[in-house]
Amino acid sequence: MKAVPASFQMIFVGAFKPEAVLGGVLGVSVKQAIRFGVSRGLFTHEAGMGSTPHAHALARVNHPCEQGLVAMMGVFIDTIVLLPMTVLVILTTGSLDGATTGIELTQVAFSKVFGDWGYSIVAISVFFFAFATIIGWYFFGEANVKYLFGRKAIPLYSLLVAAFIAVGSGLKVDLVWALADLFNGLMVLPNLLALFVLTKLVVELTADYESGQLDND
């Protein structure tokens, strides 16, 4: 617990002046910090990408805003709870040496507490998270394909997904990240346009939901 305040200090200093913490080791600039911060944040919580409305649209609720709050809660838990916990594990164990990055850095941090079991814990967790992500994104894509081309196109879509998974597994990690960032960014553009067009509807629904909540009180 004694290392927690110092870890938060490193986080804030690194956020506003990243070269002060990591510049000597990694050559990190403010531009790079923002670039990777935005891309990795977008990759994990997917806020603004329009990637999860397919799932939320299937929910049966009394008011659309109820499901909207559930969607917002997912982003909150991911960004405010899970990510800071991972960062604190890395910082409080003194694992941020600049030589190790990515998932290996998290494994090193866990190994300092759990020994060799730390590597296995992280590896198994990542395996199940990755598998669940593949299933989830397949479902989202299938919903789009079904809407645009009908059920007859689903077998072809399934083959394409399997092929891309196989190819992606053999590519270099840096290339995979670059492609993921590119396609995530491309997904954001049309979704932001849709959000702009639907702004009036969102405001009306929110006002209606809040008025109903006040009446119930």
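Author: Begin with helix H7, residues 117-149, in this predicted model. H7 has 33 residues. From its first C-alpha to its last it reaches 47 Å, close to the 48 Å expected at 1.5 Å a residue.

Reader: Which residues of H7 are buried?

Author: Gly118, Val122, Phe140, Gly141, Glu142 and Val145 are buried in H7. Their cover includes H4, H6 and helix H8, residues 154-170.

Reader: Which residues are buried in H6, and which in H9?

Author: In H6 they are Leu105, Thr106, Gln107, Ala109 and Ser111. These buried residues of H6 pack against H5 and H7. In H9 they are Ala180, Asp181, Asn184, Val188 and Asn191.

Reader: How should I read spacing along a helix?

Author: An α-helix has 3.6 residues a turn, so residues three or four places apart point the same way. Now apply that to H6. Phe110 and Phe114 are four residues apart there, so about one helical turn separates them.

Reader: How is the aromatic pair of Phe110 and Phe114 arranged?

Author: A pair of aromatic rings is described by the distance of the centres and the angle of the planes. The structure holds five aromatic pairs. One of them joins Phe110 and Phe114: the centres are 6.1 Å apart, with 25° between the planes. Planes under 30 degrees apart count as stacked, so the pair of Phe110 and Phe114 is stacked.

Reader: What relative accessible area does Phe110 have, and what is the value for Phe114?

Author: Phe110 has 23%, so Phe110 is partly exposed. Phe114 is at 45% and counts as partly exposed as well.

Reader: Which residues do ring pairs link into a cluster?

Author: Trp137, Phe139 and Phe140. Phe140 is also on the list of buried residues in H7.

Reader: Loops next. Where is the place of His63?

Author: His63 lies in the loop between helix H4, residues 53-56, and helix H5, residues 64-92. With a relative accessible area of 12%, His63 is buried. Its side chain makes a polar contact with the side chain of Asp208, at 2.9 Å. Leave out neighbours within four places in sequence, and His63 is in contact with Leu205, Asp208 and Tyr209.

Reader: How far apart are Leu91 and Ala3, in sequence and in space?

Author: They are 88 residues apart in sequence and 8.1 Å apart in space, C-alpha to C-alpha. Leu91 is found in helix H5. Its relative accessible area is 15%, so Leu91 is buried.

Reader: Now the whole chain. How many helices and strands are there?

Author: The chain has 10 helices and zero strands. Of its 217 residues, 19% are buried. Take the contacts with a separation of 6 or more: residues 24 or more positions apart account for 49% of them. The accessible surface comes to about 15,500 Å², and 72% of that belongs to carbon and sulfur atoms.

Reader: Where is confidence lowest, and where is it highest?

Author: Helix H2, residues 18-26, is lowest, at a mean pLDDT of 52. H8 is highest, at 89. The chain averages a pLDDT of 80, and 82% of the residues score at least 70.

How values were computed:
Residues numbered from 1 in each chain as written. Heavy atoms only, no water. Helix = DSSP H or I, 4+ residues; strand = E, 2+ residues; numbered from the N terminus. Buried < 20%, exposed > 50% of the residue type's maximum accessible area, 1.4 Å probe, protein only. Polar contact = N/O pair within 3.5 Å; in protein donor to acceptor, adjacent residues only side chain to side chain. Contact = heavy atoms within 4.5 Å. Expected span 1.5 Å × (residues − 1). Phe/Tyr/Trp six-rings, centres within 6.5 Å; stacked < 30°, edge-to-face > 60°. Areas by Shrake-Rupley, 256 points an atom, 1.4 Å probe, with all protein chains shown as cover. pLDDT = per-residue confidence, 0-100.
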